[in-house]
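Student: I would like to take a close look at a single part of this protein and then see how the rest is arranged around the chain. Could you guide me through it slowly?

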Amino acid sequence: MTAPAPTPVPSPARPKRRIPRTIWDLIFTLLIPILILNPNLLGEGIGISSLLGSGEAGNIRAYLVAALIPVAYVMWDILVNRNVSPVALIGGAGALMSGALAFWYVDGFWYAVKDSARSYLTAVLFLISAGTRVPLFRIFLDAASIGENDTDRAATQQAMRDPGIHRGLVLGTVAFALIDLIGGLVNSAVNYGRVTAKFGSDAFNQQIAEVNAVMRVPGLLISLAGVAAAIWFVQRAVKQRYGAEASLLEPSKLAAAMRERGELTS
């Protein structure tokens, strides 16, 4: 009598590789808009603008589509993924403003101003919030602690109510605003120097695509510098208040430092 054949053991299913969120961001906020704006995408003067109409009308339609795709992407993330955190809502408000400004048909100096309007508005809002009980940089730090356990999150909330740390949050918010303002000025200067064609022309769309590509990395670095400066002010205040081992970015260490001092009330 032959032995039954062994039952094959199914191999474990390989986890599906998901495309990182950063890649999607680059695709919908940089790559696709640049391709749409390129008047020679298909060669021989054929691009998306020529498929949307001829001459100035086609170029304007291509410009609007390129400007509105990033807006649609941000709003899709908020609505479909139900990403209603304060940070996401601030980003959504900025995207809507950028979408509305796309219908402001200007070139030259005013286009340079318009392309940095989001940075200017962000800087103004952060500076105004620095004089209130809730500096806007606190919202970003609060959002970062959402995934922590109840004890660590309570420690973070209690620490940010401390007067000394509140001053650090104010200084961090101001630093972020000023660096974002500098980023806007740099972006405006580059646009003013390089986007010189008339609105609605092939050259105008091409120049916008080139500036968008050129400014993506410098703009990101300036934004990161603003975040780093803001965090430095906050961390300095936390360490002065709770000791060198305390860190607002590591709630467990902060909670431990507060517990050693007998100051963790919840």
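Student: In which helix is L26 found? Please start there, and then carry on through the rest of the structure.

Tutor: L26 is found in helix α1, which covers residues 21-37. Before going further, please keep in mind that this is a predicted model.

Of the 266 residues in the protein, 36% are buried. The protein exposes about 15,400 Å², and carbon and sulfur atoms supply 65% of that area. Among the contacts with a separation of 6 or more, 64% are between residues 24 or more positions apart.

In soluble globular proteins, nonpolar side chains tend to be buried together. Here the largest nonpolar core has 24 residues, and those that touch the most other members are V238, Y242, L248 and L254. At least two residues of this core come from each of α6 (117-129), α7 (136-144), α8 (150-160), α9 (163-194), α10 (202-242) and α11 (251-260). The largest share, 5 residues, is supplied by α10. To see one member in detail, look at L254: leaving aside residues up to four places away in sequence, L254 touches A155, T156, A159, V238, Y242, A246, S247 and L248. There is also a second, separate core of 20 residues, with L30, L37, A62 and M215 among them.

Aromatic rings come next, and the structure holds 16 aromatic pairs. One of these joins W104 and W110, whose ring centres are 6.1 Å apart with 50 degrees between the planes, and this pair is tilted. W104 counts as partly exposed because its relative accessibility is 36%, and W110, with a relative accessible area of 47%, is partly exposed as well. Another pair, F137 and F140, has ring centres 6.3 Å apart and planes at 25 degrees, so the pair is stacked. Both F137 and F140 lie in helix α7, where they are 3 residues apart, about one turn of the helix. F137 is buried, with a relative accessible area of 4%, whereas F140, at 30% relative accessibility, counts as partly exposed. Elsewhere, ring pairs link Y63, Y105, Y111, F199 and F204 into a cluster.

Finally, we can turn to the charged side chains. Side chains of opposite charge can pair when their charged atoms come close. The structure holds 3 salt bridges. In one of them R153 pairs with D142, and their closest N and O atoms are 3.5 Å apart. This pair links distant parts of the chain, since R153 is in helix α8 and D142 is in helix α7, 11 residues apart. R153 is partly exposed, with a relative accessible area of 24%, and D142, at 22% relative accessibility, also counts as partly exposed.

A further salt bridge brings together the side chains of D162 and R241, at 2.9 Å from N to O. D162 lies in the loop between α8 and α9 while R241 lies in helix α10, so the pair ties together parts that are 79 residues apart in sequence. D162 counts as buried because its relative accessibility is 12%, but R241 is partly exposed, with a relative accessible area of 27%.

In another salt bridge the side chains of E250 and K253 meet, with a distance of 3.5 Å from N to O. E250 counts as partly exposed at 36% relative accessibility, and K253 counts as partly exposed at 38%.

How values were computed:
Residues numbered from 1 in each chain as written. Predicted model: local features only at pLDDT ≥ 70, side-chain atom pairs only at ≥ 80, totals over all residues. Heavy atoms only, no water. Core = buried A, V, L, I, M, F, W, Y, C linked by side-chain atoms within 4.5 Å. Buried < 20%, exposed > 50% of the residue type's maximum accessible area, 1.4 Å probe, protein only. Helix = DSSP H or I, 4+ residues; strand = E, 2+ residues; numbered from the N terminus. Contact = heavy atoms within 4.5 Å. Phe/Tyr/Trp six-rings, centres within 6.5 Å; stacked < 30°, edge-to-face > 60°. Salt bridge = Lys/Arg side-chain N within 4 Å of Asp/Glu carboxyl O. Areas by Shrake-Rupley, 256 points an atom, 1.4 Å probe, with all protein chains shown as cover.
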